[in-house]
Amino acid sequence: MTAVDMAARGDEKDSVTTNHGCTTTTKTKECSENVFVGIGDQMAGVVRFGDKVKEHTFPPTDSCPSHQPTLAVASKTVIINEKGAGRRKDKYKGSEEISTGYPTVWIGGG
Ligand SMILES: [Zn+2]
């Protein structure tokens, strides 16, 4: 959980550390379709509570099946499309943690 950190953008604009085997890093995916952060080719919708990370492979089996967990931690006070806004260091339901964000937009709220 984080108090204030950089806004996370979807559409694979920000990175995610999975903290598990098979795939160690992936990207953000689902996000708002009408609330954006960034300029030019760095612009993308803000990630929100419940949005899915980019599909990636994970243990425990040797075959590394894919999964696509949803964002489980987000701001409780900055609400986008009636969902909490996602930030760097917020976590998805697996063990995935957003590792980058947009450097000039910071979001607080638990
Ligand atoms: Zn995963």
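I count a residue as buried under 20% relative accessible area, as exposed over 50%, and as partly exposed in between, with a 1.4 Å probe and protein chains only. The model is predicted, so I take local features only at pLDDT of at least 70 and side-chain atom pairs only at pLDDT 80 or more, while totals for chains, interfaces and linings use all residues. Residues are numbered from 1 along each chain as its sequence is written, and side-chain values use heavy atoms, with hydrogens and water left out.

**Entry: disulfide**

I looked for cysteine sulfur atoms within 2.5 Å of each other, the cut-off for a disulfide. The count comes to one disulfide. C22 is joined to C64, with an S to S distance of 1.9 Å. The angle about the S-S bond is -75 degrees, and I noted the link of C22 and C64 as left-handed. Strands here are DSSP runs of E with at least two residues, and helices are runs of H or I with at least four, numbered from the N terminus. C22 sits in the loop between β2 (15-17) and β3 (25-27) and C64 in the loop between β6 and β7, so the bond ties together parts that are 42 residues apart in sequence. C22 is partly exposed, at 41% relative accessible area. C64 is also listed as partly exposed, at 22%. For the notebook: a disulfide is a covalent bond between the sulfur atoms of two cysteines.

**Entry: zinc site**

Next I listed the donors, meaning N, O and S atoms within 2.8 Å of the metal (3.2 Å for Na, K and Ca); water is not among the atoms, so a site may look incomplete. The protein donors of the zinc ion are H20 (NE2), H56 (NE2), H67 (NE2) and E96 (OE), at 1.8 to 2.1 Å. I checked the angles among the four donor atoms and got 96 to 120 degrees, which makes the site tetrahedral. Four donors count as tetrahedral if all angles lie between 85 and 135 degrees. Along the sequence the donor residues follow the spacing H-x35-H-x10-H-x28-E. H67, in strand β7 (residues 66-67), and E96, in the loop between β9 (83-84) and β10 (97-98), are 29 residues apart, and this pair links distant parts of the chain. H67 is buried at 19% relative accessibility. E96 is buried at 0%.

**Entry: H56**

I then took H56 by itself and placed it in strand β6. With 5% relative accessibility, H56 is buried. I used 4.5 Å between heavy atoms as the limit for contact. Not counting residues up to four places away in sequence, H56 touches T18, H20, T23, T26, P65, S66, H67, P69 and E96. Polar contacts are pairs of N or O atoms within 3.5 Å; within protein, one must be able to donate a hydrogen and the other to accept it, and residues adjacent in sequence count only if both atoms are side-chain atoms. The H56 side chain reaches the backbone oxygen of K54 at 2.9 Å.

**Entry: R87**

I found R87 in the loop between β9 and β10. Its relative accessible area is 0%, and R87 is therefore buried. A polar atom of the R87 side chain lies 3.5 Å from the backbone oxygen of A3. The backbone oxygen of G108 is likewise 3.5 Å from a polar atom of that side chain.

**Entry: nonpolar cores**

For cores I joined buried Ala, Val, Leu, Ile, Met, Phe, Trp, Tyr and Cys residues through side-chain atoms within 4.5 Å. The largest nonpolar core has nine residues: A8, V16, C31, V47, V53, L71, A74, Y92 and I98. Another core, of seven residues, lies apart from it, with A7, V46, Y102 and I107 among them. I looked up C31 and noted it as buried, at 11%. Beyond four places in sequence, C31 is in contact with G10, D11, G45, V46, V47, R48 and D51.

**Entry: F49**

F49 lies in the loop between β5 (44-45) and β6 (56-57). I recorded F49 as partly exposed, at 43% relative accessibility. Leaving aside neighbours within four places in sequence, F49 contacts L71, A72, V73, A74, K83 and G84. C-alpha to C-alpha, F49 and A85 are 6.4 Å apart, and in sequence 36 residues apart.

**Entry: positive phi**

Most residues other than glycine have a negative phi. I noted E12 with a phi near 65 degrees, a positive value. E12 is in the loop between β1 (5-7) and β2, and is partly exposed at 31%. E82 also has a phi near 65 degrees. I placed E82 in the loop between β8 (79-80) and β9, and it is exposed at 78%.

Technical notes: Tetrahedral: all angles 85-135°; square planar, octahedral: opposite > 155°, others 65-115°.
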